[in-house]
Amino acid sequence: MPKIWGKSKNPSVCWWPSQKLCAHRFTPGSGWQTPTAGDCQIGVGFFKPHFCNSCYIDGVTDFARYIATRLDPWFRQNHRDLAWRRTRDPYAIWVSEIMLQQTRVDTVKDYYPRFLKRFPDVGTLAAADQASVLEAWSGLGYYRRARLLHRGAKYVADECGGKVPDRVEALRKVPGIGPYTAGAVASIAFDRPAALVDGNVARVLSRLQGVQDPKHQDAKAAGHWQAAQAILEAAKSPRIVAQALMELGATVCTPANPTCLMCPVRPRCVARARGLTSEIPAPKKRAPSPRDDLWAVAIYSGKNLLVHKRPDKGLLAGMWCLPLIPREGNRGRGGKGVSLAAVRRQTGLRVRAAKELETMVKHVFTHRVWELHPCRVEVVGRPELAANYAWIDPGTLPAGGVPKVTKKLLAALDWGSRPAKSA
Ligand code: SF4
């Protein structure tokens, strides 16, 4: 039997309910805690002495077996029918897991089939150029994921004979595959008991085990990875139970107002038994996101508009946008519009007649907010452009597609009212 959390530092007799309903009372980092009447779901008078290590390991195994046994049939009957659940193709599952990071299922539903139609296997993706991968990703956001997926596909094509590895250790060597994605691909595609903990799974495990210390509640908590591993090892089909853990967090054990009455594992849930579902996990105090106040400079040459390919690092790396200039210290005469000198410094182009639009475009990233003030200027002459700039024709978009924020800016400039086609 695997040792789950190692030996107790204090191997003295602990108090444990004979029914082992309180196996969760050991919290990694906090050690053993003496159960009180409130800790035991069956009430006072059922405690009897046990030795910590054996009773705890038995308890975890029992807990894991229980969760796995209940989740399996529940998932088979209640899961949402999603395209990536109809396949065992590890490449397709890998794509779906990368798309689902930080992105809602409803959004991924549209992109996933289109992406797979364009890049149906790892070889096709590996052979594609980055611009076409970014184009297929255009609008999904977090473009670093697309670049890493592309790099990962090249690695699999070159180093793994074009076959997605089936074990966590080998999957972790693929660029862009972290512990969660490795666990997801190994368990869902290859039916291996490979732990996976994302925010949804962490919330389920925190509540089930009554973990109240915020340090041990998130998806990085070692205790959760060990618990998930134990649950998948106890499962008849790790593929089903891995997805069930995620599905439970996404549809039943939701952040606010979990529907505990519909939950297949509620008899073993400590948070529910103690009325702590709104306190576990602890609400996060998020610091306000920093704001960038920027000019979004629309430089026209006749009917053509200038677009700028952003640097290879940082926000929207390698994506097309309008030239952006901080507003602070870069205002034009009388404090109006963008400073023409600042535009020249940034783009190398001489421009005239700045006209600030009345609208403001706000774009919220995960940890940053852009407040963009579009401003029209006219270029003087028809100068040579640096490699990271391009003119686009009316109604067209640059090759490789544009991110959402650029679409918002183009809409503010009325560019989108013309039929869009790639330049
Ligand atoms: S009983 Fe409620 S809180 Fe506990 S795991 Fe189920 S849904 Fe979550």
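A residue is called buried here if 20 or more other C-beta atoms lie within 10 Å of its own, exposed if 12 or fewer, and partly exposed in between, with C-beta atoms placed from the backbone. A nonpolar core is then a set of buried Ala, Val, Leu, Ile, Met, Phe, Trp, Tyr and Cys residues joined through C-beta atoms within 7 Å. What you see above is a predicted model, in which local features need pLDDT of at least 70, side-chain atom pairs count only at pLDDT 80 or more, and totals for chains, interfaces and linings use all residues. Residues are numbered from 1 along each chain as its sequence is written.

Let's begin with confidence. The predictor's confidence in each residue is its pLDDT, from 0 to 100. The protein chain averages 84, and 84% of the residues score at least 70. Over residues 1-55, however, the pLDDT is below 50.

Now step inside. The largest nonpolar core has 111 residues, and Ala228, Ile231 and Val297 have the most contacts inside it. Helix α2 (residues 90-100) gives the most to this core, with eight residues. Helices (H or I, at least four residues) and strands (E, at least two) are DSSP runs, numbered from the N terminus. Two residues are in contact if their C-beta atoms, placed from the backbone, lie within 7 Å. Leaving aside neighbours within four places in sequence, the contacts of Val297 include Leu322, Pro323, Val343 and Val377.

Val343 takes us to helix α13 (residues 340-347), where Leu340, Ala342, Val343 and Thr347 are buried. Seen down the axis of α13, these buried residues fall within an arc of 160° (taken from the directions from the helix axis to the C-beta atoms), so they line one face of the helix. The face turned away from that buried side carries the exposed residues Ala341 and Arg345. Among the strands that the buried residues of α13 pack against are β3 (291-301) and β9 (369-379). After α13 comes Gly348, with a positive phi near 80°.

Finally, find the ligand. Of the 14 residues around the ligand, Cys253, Cys260, Cys263, Arg266 and Cys269 come nearest; a residue is near a molecule if its C-beta atom, placed from the backbone, lies within 6 Å of it. The largest share of this shell, three residues, comes from α9.
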